[in-house]
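Here is a short briefing on charged contacts and chain build. Keep the sequence and the 3D view open as you read.

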Amino acid sequence: MTGHPHDHGHAHAPAAAEDGPPSEYARLGRAVREILVEKGILSAADVRRAIEAMDARGPHLGARMVARAWHDLAYKARLLADGTAAAAELGIEMGPTILKVVENTAAVHNLIVCTLCSCYPRMVLGIPPDWYKSRPYRSRAVHEPRSVLAEFGTVIPDDVEVRVHDSTADLRYLVLPRRPAGTEGWSEAALASLVTRDSMIGVSLARSAHEPVETA
Amino acid sequence: MSDTPLRRHHDMGGLPAGRVERADHVLAAWEKEVDALLVLLSRQGIIRVDELRRGIEALPPDAYDRLGYYERWIHSITAALVEKGVLTQAEVADRVATIAAREEAER
Amino acid sequence: MSAPLALGTAVRVRAAYPPGHIRTPFYVRGKRGRIVQYCGDFGNPETLAYGHDGTPRQPLYRVHFAQSEVWPDYRGVGRDSLEVEIYSHWLEPAGDAP
């Protein structure tokens with residue numbers, strides 16, 4: 001990201017193309033930010049650092065944890081016992097939230113939703129996608145999870161329990177997807193390339209070993 | 001007298017709704033700023049997440065559905081800051097007008 | 001309910017519909033489930049939301065529900081389930097396991 005207006009005090013850069021026309025709420029946000037900075041409650045640098053921290057977080061963090069768990073069974077045991085501590089082992093801080101990792105197995109497929117708002121494991125996956133925050137997902141994931149999964153192209157066999165986690169309070173959930181077949185001997189980095197954001201929300205499975213993936 | 005329990009608009013688990021459209025967008029700069037505001041205000045103990053949620057839940061249902069995610073957030077953040085006396089409605093309105101004039105001048 | 005509930009304890013979510021900020025979803029109120037995790041004690045969102053300090057802190061549990069218990073019309077597989085975090089003041093003993 002370049003050219004955040006707050007980088008320049010009050011000399012505002014033009015809005016980036018992706019911003020579209022400035023909305024009433026964009027102005028409201030800017031107004032509140034400017035007033036808080038003038039009152040000394042926040043600094044422009046605080047805002048910039050918070051945005052940089054947000055931009056640095058994304059599914060690559062969760063993917064590292066999953067790949068480590070696939071690669072190292074002792075880490076996997078720690079991850080399932082205490083996700084927050086296991087994240088910290090990899091230098092990932094959970095802030096005020098607690099990370100609960102739920103494991104997909106031959107018997108259980110997990111799916112994450114927040115019906116009341118849009119709670120999401122931001123510290124390990126970044127900002128949630130729009131569909132996660134949408135009414136259809138929030139309404140239907142708890143009541144007709146198999147239909148929602150099918151809309152993502154994910155069909156879970158009838159002998160597997162679909163377990164939906166409604167993220168209502170102080171925990172944030174991450175799905176540990178099943179390790180794809182044919183990945184024996186793969187490096188952690190190669191394994192991480194199979195771990196998609198959607199597989200850690202539970203709407204899809206990890207990529208198969210044969211799917212072409214971009215190499216880093 | 002009705003015994004129908006009160007169900008609030010945001011509490012939507014299990015209600016019928018359409019297909020999940022797999023939409024996403026790159027956050028605009030102002031959306032990231034609003035996100036950062038909440039992170040910082042919450043870190044300082046000025047606004048708690050449950051206060052943010054309460055303000056969002058207080059939106060009329062049509063506004064809740066119409067507004068974008070960060071539009072709901074800034075609405076609630078502003079209301080909480082006004083309620084706590086951190087800033088006033090007049091300060092905010094004046095500043096919004098100033099910003100609108102500035103944008104007009106830059107156009 | 002003060003002392004932490006044991007894993008497996010059968011509980012019923014209170015069928016209460018008070019006004020204000022609540023983190024217990026509507027769809028699970030009145031439903032029976034069982035405790036699968038005690039998560040610790042946390043500030044009560046029902047007072048935190050109004051500028052109070054959230055005390056007394058409330059034990060928070062993850063509660064497991066059979067989908068067939070939550071939705072009489074559930075179209076899925078018999079074992080499908082839901083797990084929801086619920087604060088202890090929303091839980092009451094259920095007597096028999098669901």
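A residue is called buried under 20% relative accessible area, exposed over 50%, and partly exposed in between (1.4 Å probe, protein chains only). The model is predicted, so local features need pLDDT of at least 70, side-chain atom pairs count only at pLDDT 80 or more, and totals for chains, interfaces and linings use all residues. Residues are numbered from 1 along each chain as its sequence is written, chains are lettered from A and ligands numbered from 1 in the order in which they are written, and side-chain values use heavy atoms, with hydrogens and water left out.

**Salt bridges between chains**

- A salt bridge is a side-chain nitrogen of Lys or Arg within 4 Å of a carboxyl oxygen of Asp or Glu.
- The count over all chains is 34 salt bridges.
- Glu83(C) pairs with Arg163(A) in one of them, with the closest N and O atoms 3.5 Å apart.
- Glu83(C) sits in strand E4 (residues 81–87) of chain C and Arg163(A) in strand E3 (residues 161–166) of chain A, so this pair joins two chains.
- Helices (H or I, at least four residues) and strands (E, at least two) are DSSP runs, numbered from the N terminus.
- Glu83(C) is buried at 4% relative accessible area, whereas Arg163(A) is partly exposed at 21%.
- Asp65(B) and Arg135(A) also form a salt bridge, at 3.4 Å from N to O.
- This pair crosses from helix H3 (residues 61–66) of chain B to helix H7 (residues 135–140) of chain A.
- Asp65(B) is partly exposed at 43%, and Arg135(A) is partly exposed at 26%.

**A salt bridge within chain B**

- Arg54(B) and Glu83(B) meet in a salt bridge of 3.0 Å, N to O.
- The two residues are 29 apart, with Arg54(B) in helix H2 (residues 49–57) and Glu83(B) in helix H4 (residues 69–83).
- Glu83(B) is exposed, at 55% relative accessibility.

- Glu34(A), Glu38(A), Arg95(B) and Arg102(B) are joined into one network by salt bridges that share partners.

**Chain B as a whole**

- Chain B has five helices and zero strands.
- Its radius of gyration is 17 Å, well over the 13 Å that the globule rule gives for 107 residues, so chain B is more spread out than a compact globule.
- That radius is taken over C-alpha atoms, and the globule rule is 2.2 Å times the number of residues to the power 0.38.
- The C-alpha trace of chain B spans about 55 × 35 × 30 Å along its principal axes.
- Of the 107 residues in chain B, 48% are buried.
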